[in-house]
Amino acid sequence: MSGFFDALETRSADERAAALRQALPRQVAHARANAPHYAALLADVDPAEITGTAALARLPVTRKSDLIARQAEAPPFGGVVATPMARLARVFASPGPIYEPEGDTPDYWRYARALFATGLRAGELLHNCFAYHFTPAGMMLEGGARALGCPVFPAGTGNTEMQARAAAHLRPRCYSGTPDFLKTILEKGDELGLDLSSIRIGHVTAGPYLPSLRAWYAARGLTVLQSYGTADLGLIAYESEAREGMIADEGVVVEIVRPGTGDPVPEGEVGEVVVTTLNPHHPLIRFATGDLSAVLPGVSPCGRTNLRIRGWMGRADQATKVRGLFVRPEQVAEILRAHPAVRRARLVVALAGERDAMTLRAEAASADPGLAESLARALQSVTKLRGAVELVPPGTLPNDGKVIEDTRPIG
């Protein structure tokens with residue numbers, strides 16, 4: 001097992017499904033009993049029936065975008081935390097603000113698995129350049145490193161010259177932080193004539209990891225891998241040296257759904273990331289992150305068998321204002337539910353002269369005038385706005401997760 005963090009990573013599909021049959025009913029029951037939000041939201045749900053992903057997909061989603069209002073109405077956590085404040089280790093605040101708990105358990109955010117996949121091993125120093133102030137990012141990576149038996153230099157953000165000089169003195173093997181800041185530190189080290197050759201691996205997240213930057217690190221002989229997580233959920237997925245997508249963490253269940261709905265999309269189709277965590281302190285059930293991704297087929301060549309996603313592909317919150325009224329992905333989804341002949345649709349917002357115009361582009365097997373007329377009536381009924389309808393052949397619309405496309409010029 002030296003190549004894997006634990007045996008969970010290489011389970012068969014049957015073994016993973018059997019584990020979920022035990023874990024999901026227990027987590028749903030725990031959330032209903034201890035988190036007021038879920039006591040109300042899942043009041044009519046029998047936890048014993050939630051034994052797999054198909055049953056899970058029938059439950060309502062809780063949106064990250066709703067947490068600000070929920071926490072304002074029911075402070076401090078909006079009824080989604082199952083552990084009393086006095087029994088927590090820390091409380092953090094992310095932009096919004098959204099307040100997040102940290103339970104008093106080792107590796108609470110589960111980042112040891114991702115750091116292990118990057119190559120960090122016991123006794124090696126981690127130079128951690130994530131913030132320790134207000135947000136949990138610094139503690140997320142520190143907790144993972146400590147669980148691996150690694151000391152941590154809590155470098156935080158900024159102070160590039162001091163970062164480079166500290167790394168030259170302390171000789172860390174691993175960097176963690178945003179994708180571009182390691183390059184900044186290394187370039188500063190070059191400028192100052194410092195030896196930063198001890199840094200051989202890096203774990204990056206919280207920003208775009210561009211191909212050009214990946215190539216820059218590779219040319220320098222560094223292995224720099226990325227992960228995807230949030231302050232609410234902790235680790236969601238991580239990259240291995242196979243570098244073929246991101247592998248879902250073993251402590252969460254990941255779904256990809258059509259934006260504005262809770263309906264899973266087919267494998268490969270871009271949609272919104274929805275996550276159920278098995279964390280007893282913060283038992284988020286079908287938590288809609290607002291991020292876009294897609295499921296990759298098959299398993300990773302590295303031997304890890306869990307579901308893979310393509311990584312972060314943008315934001316799913318595509319609400320826009322048309323003629324003074326907000327139009328949302330949920331409204332497009334409502335129209336599609338009433339028209340099963342349409343599998344996918346995109347509402348394109350543009351300018352016609354000086355006036356806002358909408359066109360619903362809908363994939364249909366045939367150009368049925370009756371279907372187009374019905375869609376146009378539904379569009380007006382649901383959005384309270386008139387718009388055109390264009391029927392297009394299946395497969396015409398881009399697979400990018402967009403439900404509303406606003407083409408109007410900015411400014």
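1. Ala, Val, Leu, Ile, Met, Phe, Trp, Tyr, Cys and Pro count as nonpolar, Asp, Glu, Lys and Arg as charged, and the others, Gly among them, as polar. On that division, the lining of the largest cavity has ten nonpolar residues, one polar and six charged.

2. The model is predicted: local features need pLDDT of at least 70 and side-chain atom pairs count only at pLDDT 80 or more, while totals for chains, interfaces and linings use all residues. Residues are numbered from 1 along each chain as its sequence is written, and side-chain values use heavy atoms, with hydrogens and water left out.

3. A cavity is a set of points on a 1 Å grid over the protein atoms alone where a 1.4 Å probe fits but cannot get out, and its lining residues have an atom within 4 Å of a point. Points are joined across faces, edges and corners, and the volume is the space filled by probe spheres set on them. The count is one cavity of 30 Å³ or more. The largest cavity holds about 160 Å³ of space. It is lined by 17 residues, of which Arg-258, Arg-344, Ala-345, Lys-402 and Val-403 are the closest to its centre.

4. Helices (H or I, at least four residues) and strands (E, at least two) are DSSP runs, numbered from the N terminus. Helix H10 (329–337) and strand S18 (345–352) are the elements that give two or more residues to the lining of the largest cavity. The largest share, four residues, comes from H10.

5. A nonpolar core is a set of buried (under 20% relative accessible area, 1.4 Å probe, protein chains only) Ala, Val, Leu, Ile, Met, Phe, Trp, Tyr and Cys residues joined through side-chain atoms within 4.5 Å. The largest has 36 residues, and Tyr-38, Ile-50, Leu-59 and Val-254 touch the most other members. Elements supplying at least two residues each include helix H1 (13–34) and strand S11 (252–257). Another core, of 24 residues, lies apart from it and includes Phe-92 and Trp-109.

6. Aromatic rings of Phe, Tyr and Trp (its six-membered ring) pair if their centres lie within 6.5 Å; planes under 30 degrees apart count as stacked, over 60 as edge-to-face and the rest as tilted. There are five aromatic pairs. Tyr-108 and Trp-109 are edge-to-face, at 4.8 Å centre to centre and 90° between the planes. Both Tyr-108 and Trp-109 are buried. Ring pairs link Phe-92, Tyr-108 and Trp-109 into a cluster.

Notes
1 Å grid on protein atoms, 1.4 Å probe; cavity = no way out; pocket = protein on both sides within 12 Å on 5 of 7 lines; lining within 4 Å. Buried < 20%, exposed > 50% of the residue type's maximum accessible area, 1.4 Å probe, protein only.
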